[in-house]
Amino acid sequence: MHTFGQSDDEAATLARARINADLDKLIEAREADEHDDPVEAALSACGALFAVATRSVADALEVLTLHEYSALAALASGPLTAGQLADHPDVAPRTLDAVLHHLLDGGWIVAVIAAQPTFELSPHGSQLVAHVTARRRSHVASILESVPARERADIARAFTAFADAAGANRGASS
């Protein structure tokens, strides 16, 4: 809309400014909605945590497959039978025999032969899981250092509630 004495260029510039201001308001409103939407917030946090997990396990994946490392991480909580390992949510049951053979051959785990044979981490396997866990802990700590101290307790409560709801604290792995 022209005002008296305004050139076409001035009117176009004003129109662009109004459109940009409206777009900025829409973008700000959408970003605010995304921060208030628990699903979007969780997906955003999951993406960040996936990056942390990927970086922390990268060294291990140079010598093991993801399935093999997942079995090691499951054994970090203590000895398990093959059946218990197959039931673990982070272990792929259809590849378990091959995984166990490779981990045994590589010295990552030991078999304890008893009435019910179990598998446990060898010192070599324990060291690898501890290394990955320490790297993950370090990455998370450095991220949390950038969060104001008063918000860290809220984050801890939210992550605990999320993990509890997902059942992750029933059989947590590294």
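The predictor's confidence in each residue, on a scale from 0 to 100, is called pLDDT. In this predicted model the protein averages a pLDDT of 84, and 76% of the residues score at least 70. Among the elements of the protein, strand 2 has the highest mean pLDDT, 96, whereas helix 1 (residues 8-36) has the lowest, 64. Where pLDDT is low, the predicted coordinates should not be read in detail.

Because the model is predicted, local features need pLDDT of at least 70 and side-chain atom pairs count only at pLDDT 80 or more, while totals for chains, interfaces and linings use all residues. Residues are numbered from 1 along each chain as its sequence is written, and side-chain values use heavy atoms, with hydrogens and water left out.

**Overall architecture**

The secondary structure comes to seven helices and two strands, where helices (H or I, at least four residues) and strands (E, at least two) are DSSP runs numbered from the N terminus. Read along the sequence, these elements follow the pattern α-α-α-α-α-β-β-α-α. Of the 174 residues in the protein, 24% are buried; buried means under 20% relative accessible area, exposed over 50%, and partly exposed in between, with a 1.4 Å probe and protein chains only. Of the contacts (heavy atoms within 4.5 Å) with a separation of 6 or more, 53% are accounted for by residues 24 or more positions apart.

**The largest nonpolar core**

A nonpolar core is a set of buried Ala, Val, Leu, Ile, Met, Phe, Trp, Tyr and Cys residues joined through side-chain atoms within 4.5 Å. The largest such core holds 23 residues, of which Y69, L72, L75, L85, L103, I109 and L128 touch the most other members. Two or more residues are given to this core by helix 3 (66-75), helix 5 (96-105), strand 2 (118-121) and helix 6 (123-145), and the largest share, six residues, comes from helix 3. Leaving aside neighbours within four places in sequence, L128 is in contact with A60, L64, Y69, L72 and W108.

**Packing around helix 3**

Two packed helices are described by the angle between their axes and the distance between the axes. Here the axes are lines fitted to C-alpha atoms, for helices over the stretch in contact, and angles run from 0 to 180 degrees between N-to-C directions. Helix 3 and helix 6 pack at an angle of about 95°, with their axes 10 Å apart, which makes helix 3 roughly perpendicular to helix 6. By convention, angles under 35 degrees count as roughly parallel, over 145 as roughly antiparallel, 65 to 115 as roughly perpendicular and the rest as oblique. On the helix 3 side Y69, L72 and A73 meet L128, V129 and V132 of helix 6, and the residues of this contact divide into six nonpolar, no polar and no charged. In this classification Ala, Val, Leu, Ile, Met, Phe, Trp, Tyr, Cys and Pro count as nonpolar, Asp, Glu, Lys and Arg as charged, and the others, Gly among them, as polar.

Helix 3 and helix 5 pack at an angle of about 75°, with their axes 10 Å apart, so helix 3 is roughly perpendicular to helix 5 as well. This contact is made by H67, E68, A71 and L72 of helix 3 and V99, H102 and L103 of helix 5; by class, it has four nonpolar, two polar and one charged residues.

V132 lies in helix 6 and is buried, with a relative accessible area of 0%. Leaving aside its neighbours within four places in sequence, V132 is in contact with S56, V57, A60 and Y69. A82 is found in helix 4 (residues 82-87) and counts as partly exposed because its relative accessibility is 31%; with the same exclusion of neighbours within four places, A82 is in contact with L96, L100 and F119. A42, placed in helix 2 (residues 38-57), also counts as partly exposed, at 23% relative accessibility. The table gives a C-alpha separation for each of these residues.

| Residue pair | Separation along the chain | C-alpha distance |
|---|---|---|
| A82 and L96 | 14 residues | 7.9 Å |
| V132 and D59 | 73 residues | 8.0 Å |
| A42 and A158 | 116 residues | 9.8 Å |
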